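Please read these notes with the model open beside you. They go point by point, from the whole chain down to single side chains.

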Amino acid sequence: MGWLENVIIEDKEIANERLELTDKNSLYFLGPDLLLRNCTVILKVSARNLIIVGARFIECTFEVKQELKNHQQWVKASLKGCRFKGRLTGCDFGHWPDYGTGWEHGAIEDCDFTEARLDGCRIMGCDPATIRFPKWPCFTFIEPIRRAPELRSIKWPGRFGRITVEELHTQPAPTKSLTYHAPSLARRMETTEEELRAVIEKFDCIVY
């Protein structure tokens with residue numbers, strides 16, 4: 001693999017434009033002091049090719065064309081009124097003070113994930129009531145740490161209870177929501193979507 005070309009977008013305001021971050025041979029830096037307003041951002045690179053620190057996004061649409069895995073750097077971005085489409089796995093959004101440099105920029109509000117497929121994704125340190133989560137087959141624990149005793153009080157199918165629900169209280173303190181994709185989860189946890197849903201329906205702290 002050769003050297004990656006650095007594409008640095010910083011110290012400016014961009015409005016009503018389409019940005020395509022799709023070159024596998026580029027390393028994209030968004031921020032610091034970057035404001036994108038009402039832009040469409042096309043993402044088709046891996047997490048390691050996308051560096052975010054101190055960027056603000058207002059009413060932008062993110063079209064994720066290639067599954068974005070384990071991208072925690074959204075917690076270094078401010079997102080307001082944005083929409084996400086596509087597959088995101090293991091991604092974190094919001095305000096997470098212990099994450100590392102750049103955390104002070106992190107915020108999420110009034111964002112829409114209804115056209116996204118989230119799996120193992122978290123909202124940190126922000127009000128999940130302002131977020132529109134994807135519907136079934138995705139499902140979202142709201143305030144999972146606070147509700148952990150209640151969620152542990154019932155038997156979950158497969159390995160999900162033992163591996164995930166029993167450990168909810170060990171999530172980072174700012175965790176305000178946790179979203180899973182039931183078909184993917186069922187395969188990993190040796191259960192079925194139907195068995196999961198039968199338990200999920202018993203709780204008012206789960207959005208589905």
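1. Start with a term. A residue is buried under 20% relative accessible area, exposed over 50% and partly exposed in between (1.4 Å probe, protein chains only). By that rule, buried residues make up 51% of the 208 residues in the chain.

2. Know the ground rules. This is a predicted model, where local features need pLDDT of at least 70, side-chain atom pairs count only at pLDDT 80 or more, and totals for chains, interfaces and linings use all residues. Residues are numbered from 1 along each chain as its sequence is written, and side-chain values use heavy atoms, leaving out hydrogens and water.

3. Now the overall build. The chain has 4 helices and 18 strands. These are DSSP runs numbered from the N terminus: helices are H or I with at least four residues, strands are E with at least two. The radius of gyration is 17 Å, close to the 17 Å of the globule rule for 208 residues, so the chain is as compact as a globular protein of that length. That radius is taken over C-alpha atoms, and the rule is 2.2 Å times the number of residues to the power 0.38. Along the principal axes, the C-alpha atoms fill a box of roughly 50 × 35 × 30 Å.

4. Look at contacts along the chain. Contact means heavy atoms within 4.5 Å. Among contacts between residues at least 6 apart in sequence, 47% join residues at least 24 apart.

5. Next, the aromatic rings. A pair of rings is described by the distance of the centres and the angle of the planes. Rings of Phe, Tyr and Trp (its six-membered ring) pair if their centres lie within 6.5 Å; planes under 30 degrees apart count as stacked, over 60 as edge-to-face and the rest as tilted. The structure holds 19 aromatic pairs. Why is the pair Phe62 and Phe84 stacked? The ring centres are 4.7 Å apart and the planes are at 15°, so the pair counts as stacked. Phe62 lies in strand 9 (residues 61-69) and Phe84 in strand 11 (residues 83-89), so the pair ties together parts 22 residues apart in sequence.

6. Stay with Phe84. It is buried, at 0% relative accessibility. Phe62 is buried too, with a relative accessible area of 1%. Trp74 and Phe84 have ring centres 5.4 Å apart and planes at 85°, so this pair is edge-to-face. Trp74 sits in the loop between strand 9 and strand 10 (77-80), 10 residues from Phe84. Trp74 is buried at 1% relative accessibility.

7. There is also a cluster. Trp136, Phe139, Phe141, Trp156, Phe160, Tyr180 and Phe203 form one aromatic cluster. The charged end of Arg197 sits over the ring of Trp136, 5.2 Å from its centre. For this, NZ of Lys or CZ of Arg must be within 6 Å of the ring centre and within 35 degrees of the ring normal.

8. Check helix 3 (residues 182-189). Of its 8 residues, 6 are buried: Ala182, Pro183, Ser184, Leu185, Ala186 and Met189. Their cover includes strand 14 (112-119), strand 16 (138-142) and helix 4 (193-200). Just after helix 3, Glu190 takes a positive phi of about 60°.

9. Finish with Thr140. Thr140 is found in strand 16. Is Thr140 buried or exposed? Thr140 is buried, with a relative accessible area of 0%. Residues touched by Thr140 include Phe133, Leu178 and Cys205.

Methods
Lists of a residue's contacts leave out its neighbours within four places in sequence.
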